[in-house]
Every structure is written in structure tokens, then in C-alpha cells.
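Let's take a friendly walk around a protein model, from its surface to its core. Have the sequence and the 3D view ready as you read.

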Amino acid sequence: MKESAKARRLKRHYRRNKSQGKMNLVSLMDIFTILVFFLMVNSSSDVQVLNQNSTIKLPDSTAQQPPGDVLALTVTDRDILINGRLVVKRDAFQTFDGQIEPFLKQELDYQASRSSAPAPDAGRPITILADRELPYELLKKIMSTCVDAGYASISLAVNQRTEQGA
């Protein structure tokens, strides 16, 4: 009895595809080994890196408590930024007479409205990145504006250094 054309075609495809079932896992294992090594090395560090401008020289500290992931207010030589977004020029901020600067307060209120978490009892957290030579009057004005906007849990960014014992 003769085979039909369809039966011959199926037999031919079966023979051709029968040998393709083997997979080379060596390359895949190399990729997974590199991935596991990368994750082990990078997950072991506890250092949090804040976006820091190279012109800002942070003060040194021996504090052991790591910073949390909070709103970052950066004071550069020319600008005051919140999360990298320009809020007000530093010159305009310094010439303002009052304690609560309206443009900075408006931006802080906007950032607070974007946050879905309710404000804690101690106030919303904020981290100020500023040069160690920043005048105290300017820092005081910035902190007063932050507190007025509901950011009462203020942290100052510092470089962590180890204590040198005797």
C-alpha cells in the first residue's frame, strides 16, 4: 500500500525535527553565574549615594545611621534645587527679607501633594545637601521654609568617615 503525500511529508518533518531537541546550556549557565556574582557583590553594600554636585563639599561625620530615601534639597553656588529641579536662584533667595521664601514653599507644598503617604507626626523627611561653607543665615531661612511647608524632619547630608581610635 502506498503512503499518501501528507503521510510522507509528516514523516520527513518528523525525521528532520527529531534531532533539534538538544539545547546547549553552557552559555546560559555562564550568564546566570555572572548575574549571581553581580547581585551578591552589589547587594552587600549599605552605602547610599545621593546625587551630589561636584562643587558641593559636604561636611564629614561619624554618624552610623544611614539616610533614608527622602526628598533632596540641594544648595549650589547659584541655585536651589529640589530633586534636581531648579526652584529659585540663590541670589534671589538671599535677598528675600522674610523667613519663609514663597517659591521654595510652593515647590515643597507641590512635592508634599504628590506624595501618597500621610505626613508622620514629626513632619515629612527632607535631606539638605549644601556646601560646608554655606552661611548660617541662609541655612536657617531654608530650614524655616521647610518646617513651614510641613518638612520638619530635616537631615543634613554629610560624608561618612570612620572614627580613628587611639
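This is a predicted model: local features need pLDDT of at least 70, side-chain atom pairs count only at pLDDT 80 or more; totals for chains, interfaces and linings use all residues.

## A positively charged patch

Start on the surface, where K2, K6, R8, R9, R12, R15 and R16 come together as a patch of positive charge. One of these residues, K6, sits in helix α1, which covers residues 5-18. Is K6 buried or exposed? K6 has a relative accessible area of 55%, so it counts as exposed, because the cut-off for that word is over 50%.

## A nonpolar patch

The surface also has a nonpolar patch, formed by L25, L28, M29, F32, L35, F38 and L39. Together these residues have about 680 Å² of accessible area.

Look at L39, which belongs to helix α2 (residues 26-43). With a relative accessible area of 49%, L39 is partly exposed.

## Inside the largest nonpolar core

Now move inside. The largest nonpolar core has 21 residues, and the members that touch the most others are L73, I80, L104, L108, I142 and Y151. At least two residues of this core come from each of β2 (71-75), β3 (79-82), β4 (85-89), α4 (102-114), β5 (125-130) and α5 (136-148). Which element gives the largest share? That is α5, with 4 residues.

## A closer look at P125

Finally, find P125 in strand β5. Its relative accessibility is 36%, so P125 is partly exposed.

How far apart are P125 and C146 in space, C-alpha to C-alpha? They are 9.6 Å apart, while 21 residues separate them in sequence.

Terms used. Residues are numbered from 1 along each chain as its sequence is written. Side-chain values use heavy atoms; hydrogens and water are left out. Patches are made of residues with over 30% relative accessible area and no salt bridge: like charges are joined within 9 Å, nonpolar side chains (Val, Leu, Ile, Met, Phe, Trp, Tyr) within 5 Å. Accessible areas come from the Shrake-Rupley method with a 1.4 Å probe; for residues, only the protein chains shown count as cover. A salt bridge is a side-chain nitrogen of Lys or Arg within 4 Å of a carboxyl oxygen of Asp or Glu. Lys and Arg count as positive and Asp and Glu as negative; His and the chain ends are not counted. The place of a charge is taken as NZ of Lys, CZ of Arg, CG of Asp or CD of Glu. Buried means under 20% relative accessible area, exposed over 50%, partly exposed in between (1.4 Å probe, protein chains only). A nonpolar core is a set of buried Ala, Val, Leu, Ile, Met, Phe, Trp, Tyr and Cys residues joined through side-chain atoms within 4.5 Å.
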